[in-house]
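Biologist: I have the sequence and the model open and would like to walk through them with you. Could we take it piece by piece?

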Amino acid sequence: MKNAKLYSTGALILLALLFGALSLLSSKALTGARLDLTKNGLYTLSPGTENILQSLAEPVTLYYFFSEGASRDLPQIRTYANRVQELLDEFASRSNNRLVIHRVDPKSFSEEEDQAALFGLQAVPVSSGAETLYFGIAGTNTLDDIQAIPFLQPTKEQFLEYDLAKMVTTLGSPQRRVMGLLSGLPMGPGYDPATQRMREAWIVHQQLQQLFEVKNVEASAESLPDDIEVLMLVHPKDLSDAMLYQIEQFVLGGGRLIAYLDPFAEMDQGDPNDPMARMQMGSASSLGILLDQWGVSFDTNRVVGDLQYGAGNSQMRHIGILSVPADGLEGNDIVSGDLEVVNFSSTGWLQASEDSATKFEVLAQSSENAAPMDATQLRFLTNPADLMKGFNPTGERYALVARVSGPAQSAWAQPPEGVDVAGHLAQAGDAGITVLLFADTDFLSDRLWAQKQAFLRQTIVTSFADNGNFAVNAVDNMLGNQDLISIRTRVSSSQPFDRVEEIRVAAENNFRATEERLQQELAETERTLTELQAAKGESDLMVLNSEQQDEVQRFLDRKIEIRRELRQVQHDLQRDIEALGTRLKVFNIVLVPALVMLVALVLSVRRRRKQAGVPSQLASPELAGSTANE
């Protein structure tokens, strides 16, 4: 018996030592091993990110700047900083040693702070003193190119993986792809005659410049740049035959085209110095003869109204502004598949011709509760409700964005007069054409998908729709960069406790029901008091009789009782939440480790018995008997 106790104690001590040794061993041997058990795969990189990291052409160094001291009183920032560090470590582990991460603490008046400022990171004051918070990432490559995220916003955590992958892609492939931009709208920075102030570039324009080399093309240009791979047209109104021909030849020769057309371009304000500018605003744009050749029709006189996707609510709905949810987006296409909602305003629609030889794929469309409207209704619109008068949905769904591909012929038998080309293409090659058409140009404007706000003394851009992602996805897709598109939008690491929320909602419903009952009883009592008072003579209006006094007392007693019930509901709410928290703590702190230890003990005992030659319970009876006889 004594030996058995000694063996048991020794086994426990040995197990404890073994546990410590295994912990040390696992920290060394299993450093690269990861098992992501989070609900949304929070710590698992998307396949697109892994492809980018494993195919880096250039070594990349990322400097992660985080002010430890200045953030000591900012728990939300510190929690997010740990999340960023974990993701950076995961990036580095998947990069075949071509991505190096340096964590830097830029203390005040240090060389590290100077380095952060040199990279263009934002210094955010966090106190009345001299302390400032740096929380950003800068990256460099062997060519001394620099990319930076000036400040990491916790509210944009779902975009963190994409932003980092985009930075690594840009630095790892320093030769940026070239796109051309021909725009009839003021997308870039410049002077605004209407406000007599400098205007900022549209947010989507800034995004495109960060990702690609953007070459501006004038509508009057004699030719397109030779090195562009994708051409984006935005509101291409009044283009000459010479420019249309250049665009067509570019497409027939294998170039990719993205065109934003519009029957009523609200962002086209006309010339502010022209008294007739108001009459000219909202002009239409199309590609005319080119669309005909590609088997697409586009009405420049009418826009789409939609009762179901119209912005607003049942009391005030603007059927000319469409908020298209995932239901109206093609989920199987890489350009639109991961988007949740995109907004259009005074949009037209695209339609495939009956005899078209091209393939017409719809990426975004209206609901069935839509119908065309005359575009002139929007020119002097003051009350959106006026659009509802006489509006009758047709039951059809109208294509707002479409991809056109396949064989195509030239609209010209020979080049237009004055156009100097090396060779005329009569038709597309075997691969055919690839054109992406949008029936709205306002789609790109900031007002339909993003807003700017001040955050810690800096301007923060927050998107409330996926228009920007749609536009950038389109260019990436046309350039063949599928990896960035495939990176899914991450959910926040701050996950709600669904069960706690259910308890809270149920309690609030009970509380609300009790409160409503109190209000009803109060109203009933006041009505009774009013009737009693009216039945009395005017001479004693200020004197309460015994019946009134009893009624008032009953009301006061009931009011106290109901207040007690309200407090009890609140107490029950907190009690249920605390009980749930206690159960979770017991499960996580006690039961799970105990279960692990139990499994370890069982395995250890079975292994020890096997080594000692003692038959286990699973051994056959014959073997057990034979062993006993021996």
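Biologist: To begin, where is valine 401 found?

Modeller: Valine 401 is found in strand β21, residues 399–406, where helices (H or I, at least four residues) and strands (E, at least two) are DSSP runs numbered from the N terminus. Before going on, please keep in mind that this is a predicted model, in which local features need pLDDT of at least 70 and side-chain atom pairs count only at pLDDT 80 or more, while totals for chains, interfaces and linings use all residues. Residues are numbered from 1 along each chain as its sequence is written, and side-chain values use heavy atoms, with hydrogens and water left out.

Biologist: Is valine 401 buried or exposed?

Modeller: Valine 401 is buried, with a relative accessible area of 0%; buried means under 20% relative accessible area, exposed over 50%, and partly exposed in between, using a 1.4 Å probe and protein chains only.

Biologist: And what is valine 401 in contact with, leaving aside its neighbours within four places in sequence?

Modeller: With those neighbours left aside, the residues in contact with valine 401 include Phe344, Leu350, Val362, Leu437 and Phe470, contact meaning heavy atoms within 4.5 Å. Leucine 437 is 36 residues away from valine 401 in sequence, yet the two are 5.7 Å apart in space, C-alpha to C-alpha.

Biologist: What about the whole chain, how many helices and strands are there?

Modeller: The protein chain has 14 helices and 24 strands, and 38% of its 630 residues count as buried. Among the contacts with a separation of 6 or more, 73% come from residues 24 or more positions apart.

Biologist: Switching to sheets, what is the order of the four strands in the open sheet?

Modeller: The order is β2-β1-β5-β6, with mixed pairing, and two strands pair if DSSP finds at least two bridges between them. The edge strands are β2 (99–104) and β6 (146–149), each of which pairs on one side only, and the twist averages 20° from one strand to the next.

Biologist: How many bridges do β5 and β6 have?

Modeller: Strand β5, residues 135–141, pairs with β6 in the antiparallel sense over four bridges, and glycine 139 stands opposite glutamine 147 in β6.

Biologist: Which strands does helix α3 touch?

Modeller: Helix α3 (residues 75–93) packs on the sheet and touches β1 (60–66), β2 and β5, its direction making about 165° with that of β1. Helix α5 also packs on the sheet, touching β1, β2, β5 and β6, and its direction makes about 170° with that of β6. Axes here are lines fitted to C-alpha atoms, for helices over the stretch in contact, and angles run from 0 to 180 degrees between N-to-C directions.

Biologist: How do α3 and α5 sit, oblique or parallel to each other?

Modeller: Their axes come within 11 Å and cross at roughly 45°, so α3 and α5 are oblique to each other; angles under 35 degrees count as roughly parallel, over 145 as roughly antiparallel, 65 to 115 as roughly perpendicular, and the rest as oblique. In this contact Tyr80, Val84, Leu87, Leu88 and Phe91 of α3 meet Leu160, Glu161, Leu164, Ala165 and Val168 of α5.

Biologist: And at what angle do α2 and α5 cross?

Modeller: The axes of α2 (residues 47–54) and α5 (residues 160–172) come within 10 Å and cross at roughly 25°, and these two helices are therefore roughly parallel to each other. Thr49, Ile52 and Leu53 of α2 make the contact with Glu161, Ala165, Val168 and Thr169 of α5.

Biologist: Another topic: which loop is histidine 235 in?

Modeller: Histidine 235 lies in the loop between β11 (230–234) and α7 (241–252), and it has a positive phi of about 55° although it is not a glycine. Most residues other than glycine have a negative phi. Histidine 235 counts as buried at 1% relative accessibility. Asparagine 96, in the loop between α3 and β2, also has a positive phi of about 55° without being a glycine, but asparagine 96 counts as exposed at 53% relative accessibility.

Biologist: Last one, why is strand β14 described as largely enclosed?

Modeller: Four of the five residues of β14 (residues 302–306) are buried, so the strand is largely enclosed by the rest of the structure. β14 pairs with strand β20 (residues 370–374) in the antiparallel sense over five bridges, and valine 304 stands opposite proline 372 in β20.
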